[in-house]
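Q: Could you take a close look at one part of this protein with me, and help me see how it sits in the whole?

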Amino acid sequence: MRRIALCLLCLGLAACQSPNPYTASSLPIPPAPAQAALAVDTSAYPAAPRDYGRYRNWAWLNDRLPAGGPLADAAQIAEVVSNGLDQRGLRPARAGTQADLRVATDLRVERRLQQVQDPYYGDPYYGGPYRGYYNSPPPVRTYEIQVVVVTLHLFDGATGQEIWNTRAETANQGSESQRVDALRAAVDKALSTYPPS
């Protein structure tokens with residue numbers, strides 16, 4: 001039995017001794033072109049951080065006031081946005097000069113569903129608070145509310161490239177003065193992160 005196993009092992013080793021059909025051959029890597037040493041690949045590096053401190057003044061994009069809507073007219077929207085930008089150190093550009101920033105704004109009213117869960121309500125027999133009848137979950141009420149959504153876009157005045165945008169919303173309810181106050185609150189909330197760090 002050992003001899004048969006030894007013979008099979010020798011035959012297997014002899015079969016492995018056949019020549020390799022693959023031959024190693026390679027060509028040298030061609031030299032880089034001469035201009036490759038002078039070119040800088042800017043895509044290989046992160047963009048330089050933007051200096052928001054150099055933006056000092058602004059004007060409306062395409063020199064047009066924002067469109068008015070059911071919440072406020074164009075002059076009210078322009079005044080609220082102008083006051084918000086003024087609080088961030090951005091002044092309106094003088095007539096006939098190139099503005100550092102161009103501003104566009106979009107204002108719309110959207111409907112949202114809001115759910116309110118009553119965690120506790122009274123016992124109809126004893127008047128005491130407890131969680132649901134027979135440990136049932138508390139009722140959930142769904143309301144439809146209107147919110148004011150303000151979107152601001154800031155563009156570089158020289159290149160036209162968008163450098164920053166933001167969006168904020170606030171409840172839309174009450175009289176006209178209360179709606180303007182809601183618009184002001186939404187603009188302040190939107191501009192609260194300018195300049196970005």
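To begin, what percentage of the residues of the protein count as buried? After that, please take me through helix α3 (residues 176-191).

A: Happy to! This is a predicted model, so please read every value below as computed from that model. Of the 197 residues of the protein, 26% count as buried.

The protein has 3 helices and 7 strands, and along the sequence they come in the pattern α-β-α-β-β-β-β-β-β-α. Take the contacts between residues at least 6 apart in sequence: 67% of them join residues at least 24 apart. The protein exposes about 14600 Å², with carbon and sulfur atoms supplying 55% of that area.

Now for α3. Helix α3 has 16 residues, and at 1.5 Å a residue they should span 22 Å. The C-alpha atoms at its ends are 23 Å apart, which agrees with that expectation.

Which residues of α3 are buried? They are Val180, Ala182, Leu183, Ala186, Val187, Ala190 and Leu191. Looking down the axis of α3, you would find these buried residues within an arc of 165°, so they line one face of the helix.

What covers that face? The cover over the buried residues of α3 includes the helix α2 (74-87) and the strands β3 (101-117), β6 (140-156) and β7 (162-171).

One of these strands, β6, is worth a stop of its own. Thr151 lies in β6, and Thr151 counts as buried because its relative accessibility is 12%, under the 20% cut-off. Leaving aside residues up to four places away in sequence, Thr151 touches Ala104, Thr105, Asp106, Arg108, Thr166 and Arg167. Asp106 is 45 residues from Thr151 along the chain, yet their C-alpha atoms are separated by 5.1 Å.

For a contrast, turn to helix α1 (residues 2-16), where Leu8 is found. Is Leu8 buried or exposed? Leu8 counts as exposed because its relative accessibility is 56%, and the cut-off for exposed is over 50%. Together with Ile4 and Leu11, Leu8 makes a nonpolar surface patch of about 340 Å².

So, back to your request: the buried residues of α3 line one face of that helix, and what covers them includes α2, β3, β6 and β7.

Notes. Residues numbered from 1 in each chain as written. Predicted model: local features only at pLDDT ≥ 70, side-chain atom pairs only at ≥ 80, totals over all residues. Heavy atoms only, no water. Patch = residues over 30% accessible without salt bridge, like charges linked within 9 Å, V, L, I, M, F, W, Y side chains within 5 Å. Areas by Shrake-Rupley, 256 points an atom, 1.4 Å probe, with all protein chains shown as cover. Salt bridge = Lys/Arg side-chain N within 4 Å of Asp/Glu carboxyl O. Helix = DSSP H or I, 4+ residues; strand = E, 2+ residues; numbered from the N terminus. Buried < 20%, exposed > 50% of the residue type's maximum accessible area, 1.4 Å probe, protein only. Contact = heavy atoms within 4.5 Å. Expected span 1.5 Å × (residues − 1). Arc of directions from axis to C-beta.
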